[in-house]
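Dear colleague,

I am passing on the structure we spoke about, and my notes on it follow directly below. Please read them with the model open beside you.

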Amino acid sequence: QVELVESGGGSVQAGGSLKLSCAATKNNYDEHGRGCMSWFRQVAGKEYEGVAAASIGGTNRYTLVADSVKGRFDISRGNAESTIHLQMDSLKLEDTAMYYCASHPGWCYKWIRREDFQNWGQGTQVNVSS
């Protein structure tokens with residue numbers, strides 16, 4: 001069982017920055033050594049929103065950032081295997097949500113959909129205030 005552990009959430013004023021991190025307890029790769037890790041967020045009572053995704057393992061360096069946060073958020077791979085980060089800049093009040101890390105074996109798709117991901121972290125809360 002792959003466990004994903006998020007960190008880095010907290011409270012920040014609008015316009016500020018936070019960096020989230022997610023580390024997997026073991027690699028979640030397919031038979032070719034490929035995997036995908038992503039970030040989702042959810043506001044209580046609303047649907048999950050895919051924020052960013054990155055292919056891990058192998059030589060693929062594919063990343064995807066949702067249009068809703070493009071230009072403000074960036075996803076990157078950590079130095080440790082199966083680790084990703086989400087750099088969030090110019091935070092807005094509407095970015096307040098629980099942020100979840102998720103993973104699945106195989107390359108990332110050209111979309112970020114909740115149903116594609118089997119492994120989920122417990123989430124880390126981000127609060128943006130005025």
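Cysteine 36 and cysteine 108 are joined by a disulfide, with their sulfur atoms 2.1 Å apart; the term is used here for a pair of cysteine sulfur atoms within 2.5 Å. Please keep in mind that this is a predicted model, in which local features need pLDDT of at least 70 and side-chain atom pairs count only at pLDDT 80 or more, while totals for chains, interfaces and linings use all residues. Residues are numbered from 1 along each chain as its sequence is written, and side-chain values use heavy atoms, with hydrogens and water left out.

The torsion about the S-S bond of cysteine 36 and cysteine 108 is about 95°, so this disulfide is right-handed. Cysteine 36 lies in strand β4 (residues 35-42) and cysteine 108 in the loop between β9 and β10 (119-120), so the pair ties together parts that are 72 residues apart in sequence. Strands here are DSSP runs of E with at least two residues, numbered from the N terminus. Cysteine 36 is buried, with a relative accessible area of 1%, and cysteine 108 is buried as well, at 12%, where buried means under 20% relative accessible area (1.4 Å probe, protein chains only).

By the sulfur distance rule, the count comes to two disulfides. In the other one, cysteine 22 is joined to cysteine 101, with an S to S distance of 2.0 Å. Its torsion about the S-S bond is about -80°, so the disulfide of cysteine 22 and cysteine 101 is left-handed. This pair links distant parts of the chain, since cysteine 22 sits in strand β3 and cysteine 101 in strand β9 (residues 97-105), 79 residues apart. Both cysteine 22 and cysteine 101 are buried. When the bonded cysteines are numbered in sequence order, the pairing reads 1-3, 2-4.

Strand β3 also belongs to an open sheet of four strands, in the order β1-β3-β8-β7, with antiparallel pairing; two strands pair if DSSP finds at least two bridges between them. At the edges stand β1 (4-7) and β7 (73-77), each with a single partner strand, so one side of each is left without a neighbour in the sheet. Within the sheet, strand β3 (residues 18-24) and strand β8 (residues 83-88) pair in the antiparallel sense over six bridges, and leucine 18 has methionine 88 in β8 as its bridge partner.

Best regards

Conventions: Buried means under 20% relative accessible area, exposed over 50%, partly exposed in between (1.4 Å probe, protein chains only).
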